[in-house]
There are 2 protein chains.
Amino acid sequence: MNDVAFKSWVDVPAQSDFSIYNLPYGIFSSPQHSKRIGVAIGNEVLDLAKVQELGFLDEFKLAKGFFEAEFLNDFIALGKSLTSAIRQKLTQLLSKEETELVKHSKKVLLPQSEVKMHLPVKIGDYTDFYSSIEHATNVGTMFRDPENALLPNWRHLPVGYHGRASSIVISGTEIRRPWGQSKADDAEMPTFQPCRLLDFELEMAFVVGKSTQLGERITTSQAEEYIFGMVLFNDWSARDIQKWEYVPLGPFLAKSFASSISPWLVPLEALEPFRVSGPAQEPEVLDYLKSEGLKNYDIQLEVGLKPEGGEEKIISKSNFKYMYWNMCQQLAHHSVNGCNFNVGDMCASGTISGKEPSSYGSMLELTWRGTKPITMPDGTERRFIQDRDTLTLRGFAEKEGIRVGFGEVSGKILPAE
Amino acid sequence: MNDVAFKSWVDVPAQSDFSIYNLPYGIFSSPQHSKRIGVAIGNEVLDLAKVQELGFLDEFKLAKGFFEAEFLNDFIALGKSLTSAIRQKLTQLLSKEETELVKHSKKVLLPQSEVKMHLPVKIGDYTDFYSSIEHATNVGTMFRDPENALLPNWRHLPVGYHGRASSIVISGTEIRRPWGQSKADDAEMPTFQPCRLLDFELEMAFVVGKSTQLGERITTSQAEEYIFGMVLFNDWSARDIQKWEYVPLGPFLAKSFASSISPWLVPLEALEPFRVSGPAQEPEVLDYLKSEGLKNYDIQLEVGLKPEGGEEKIISKSNFKYMYWNMCQQLAHHSVNGCNFNVGDMCASGTISGKEPSSYGSMLELTWRGTKPITMPDGTERRFIQDRDTLTLRGFAEKEGIRVGFGEVSGKILPAE
């Protein structure tokens, strides 16, 4: 880890998520340029295509125009030894002591407000886990049996399921309220109507950074080599559709209308200072799921809900460290049957709820199935998300003056049509 | 439909799946050439790259080397008006009356036995349905309640779930018996061990031929425009792993270790003569799921199980026409929430079982959870699939002397390691 006093010649506001310790990667376009790889620093984007063009990355012997990419996949596929070296070089180039790149600052920096962000990776397969014990307990209590809220398998393996990759969209994309089938408890037949119980799920997701062959397993101790970095993830959920469709094969259309991610992919290296231990796991897990060392991360999370033209209310404050199952365990489990991975595959955490009701990661839990509505600053109530509401997830880690943040993932709900 | 007596100058054996009425597409390589698009005819492969090079496809104004492709996706993305015209041209070029292409037969034809087949499409997202009422009833009877074998939603919507695309492999790929967690009913704790109840699932899958945008719906009457063609699909299943892991979010590692598909993608046009009506749907489905006309297909299916060095036994004979939910309904349902599709996405039918026990599409059903073992020609018994067994699915449609087949999808089980 670098010295705390480490500073950049780029002006980074004190509370910026994008300090020189972060340097997350994203894909941006601007009126001048088509898609390319950038790095967030303060309120600016560092245009890596331009940095390469100016010769500052020559030592890495990358193809000409390498950073003029539609996705980060090829960059990530260079492998951690190379991407870490590039990260180190960028840290150096952006540091206050550096005197060369600063001369080209007007060429290589663009205000974030003037660029358009795109999906950072081409996602091959997407998996959603269910790894917060508080969330699983809350859902089990509401929908099944409070006495046996957790199903028998839950403490023995990180429950997960395959999700839809095509409908993962970038922050800012407006989300159309989905139509679907649902059935009221007292109705004889289902009806086809717009979703009435539209929800978010506060999640984070990791991006796979190294491919495997079919039949290969990744152990918990190897897993970090296979994780490139993380984003914020909103797993939009249509609760009425989900309730009717999900037996026996799991959620389907209740999820696949859209999931939203934040644009800046924070490399795992940037989260190194924020490692913490996870919750104790009882009973002891099977050997292939045992992990050593600090495998969780202390990442503060919050959820804001904003009616159109109104004031945003922070409706939840949670933390990634509450996760019962850590990412290494998730990946070890996911690959234990020989399932293969490709660079760019995405694995989401599942809803991240804490113990306190104020830390619950979905409307379902926050309003306890709508029985405890949230009062908004304008006096209106929310049981679930209403049309034209904007939902925003934010996240950052902070320690000893160092801040590494994820920015936000935001989405506005449009009426069904 | 063409005249029944329509013949090719290529020698096509009487019982060949690959008559001139079929002309399925695949990706092949040979000692001479890297991956390229071919069409199966009799026991030969027509090398479309070579056919184009010779100028026979000039009228379509395709880029040079267009058929030297790793996948069919770009070809399919040309759109049905163009791919149908190319199909018509190929039919003409291969017909007995044609006198030009035949002069180049040695250049454009290769024996199928001398080429290596590859995955025909780059699969973006993969969905598995559960659309055979006999299969769902059998499973519900065995695992839940014989009196209420079908869950309440089953007759109202085509139940489906997202699957793993990365582990879909081509016929001939050897399949390693997966490890995983399972728990015996009388055990207190789960164990980690190789799958003991390894199964196949007899399925077919369609390939999406036209992309949609997020928010777009495909109606049942539009759906055929969005389906390019079909393959045989073996949804390998680890029943012991599945039973323990699948609540509440559905099958995960029990499926994602591998699924196998047949190499030749049969275009929907080739199946036109074999349309039939589907089973009556009771109760009436919701409006968005109503479909008109003959939407099922009469495709005869069989399953062969062969011990190493032993004789194959046909353990099941089924038919695609048994499907309760047709492909148009599946696609209309899948997109009704606005979920978007990409060319190359794959949707599998779910296990295709008929009413008779001899038509069941999985070992689970054929041996009724292992209680009625199958006796093999060598006297050994099978409750589930054993190491070094080879499982093969075959399928073809036949009517009035016209045969359109899918070839086979085959996979041998290797011991866990």
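A: Start with a packed helix. This is a predicted model. In chain B, the buried residues of α5(B) pack against α9 (363-366) of chain B.

Q: Which residues of α5(B) are buried?
A: A residue is called buried when its relative accessible area is under 20%. In α5(B), that holds for B:Ile133, B:Glu134, B:His135 and B:Ala136. It also holds for B:Asn138, B:Val139, B:Gly140 and B:Met142.

Q: How does a helix turn matter here?
A: An α-helix has 3.6 residues a turn, so residues three or four places apart point the same way.

Q: Why is helix α5 of chain B largely enclosed by the rest of the structure?
A: Count its buried residues. Helix α5 of chain B runs over residues 133-143, and eight of its 11 residues are buried, so the rest of the structure largely encloses it.

Q: Now the domains. What does the domain assignment of chain A give?
A: The assignment gives domain 1 (25-118) and domain 2 (126-414). The C-alpha centres of domain 1 and domain 2 of chain A lie 30 Å apart. Their contact takes 18 residues from domain 1 of chain A and 17 residues from domain 2 of chain A.

Q: What is the area buried between domain 1 and domain 2 of chain A?
A: About 1400 Å² is buried between domain 1 and domain 2 of chain A. Carbon and sulfur atoms give 67% of that area. Next, see who supplies it. A:Tyr25, A:Ile76 and A:Lys80 account for 43% of the area that domain 1 of chain A buries against domain 2 of chain A, more than any other three residues.

Q: Which elements supply the side of domain 1 of chain A that touches domain 2 of chain A?
A: β1 (25-29), β2 (36-41), α2 (73-76), α3 (80-94) and β5 (116-118) of chain A each supply at least two residues of that side. α3(A) gives the most to this side of domain 1 of chain A, with four residues. By class, the side of domain 1 of chain A that touches domain 2 of chain A has nine nonpolar, seven polar and two charged residues.

Q: How many salt bridges does the whole structure have?
A: Over all chains, the search finds 58 salt bridges. Take one of them: the side chains of A:Arg239 and A:Glu201 meet at 2.8 Å, N to O. A:Arg239 sits in helix α6 (residues 239-245) of chain A, and A:Glu201 in the loop between β12 (198-199) and β13 (202-208) of chain A, 38 residues apart. A:Arg239 and A:Glu201 are both buried.

Q: Which parts does the salt bridge of A:Glu308 and A:Lys412 tie together?
A: The side chains of A:Glu308 and A:Lys412 meet in a salt bridge of 2.7 Å, N to O. A:Glu308 lies in the loop between β20 (300-306) and β21 (313-319) of chain A, and A:Lys412 in strand β26 (residues 402-414) of chain A, so the pair ties together parts 104 residues apart in sequence.

Q: What of A:Arg394 and A:Glu312?
A: A:Arg394 forms a salt bridge with A:Glu312, the closest N and O atoms being 2.9 Å apart. A:Arg394 is in strand β25 (residues 390-399) of chain A, and A:Glu312 is in the loop between β20 and β21 of chain A, 82 residues apart. A:Arg394 is partly exposed, with a relative accessible area of 22%. A:Glu312 is partly exposed at 26%.

Methods
Residues are numbered from 1 along each chain as its sequence is written. Chains are lettered from A and ligands numbered from 1 in the order in which they are written. This is a predicted model: local features need pLDDT of at least 70, side-chain atom pairs count only at pLDDT 80 or more; totals for chains, interfaces and linings use all residues. Side-chain values use heavy atoms; hydrogens and water are left out. Buried means under 20% relative accessible area, exposed over 50%, partly exposed in between (1.4 Å probe, protein chains only). Contact means heavy atoms within 4.5 Å. Domain bounds come from an automatic or database domain assignment. Buried area is the accessible area (1.4 Å probe) that two parts lose on being put together, summed over both. Ala, Val, Leu, Ile, Met, Phe, Trp, Tyr, Cys and Pro count as nonpolar, Asp, Glu, Lys and Arg as charged, and the others, Gly among them, as polar. A salt bridge is a side-chain nitrogen of Lys or Arg within 4 Å of a carboxyl oxygen of Asp or Glu.
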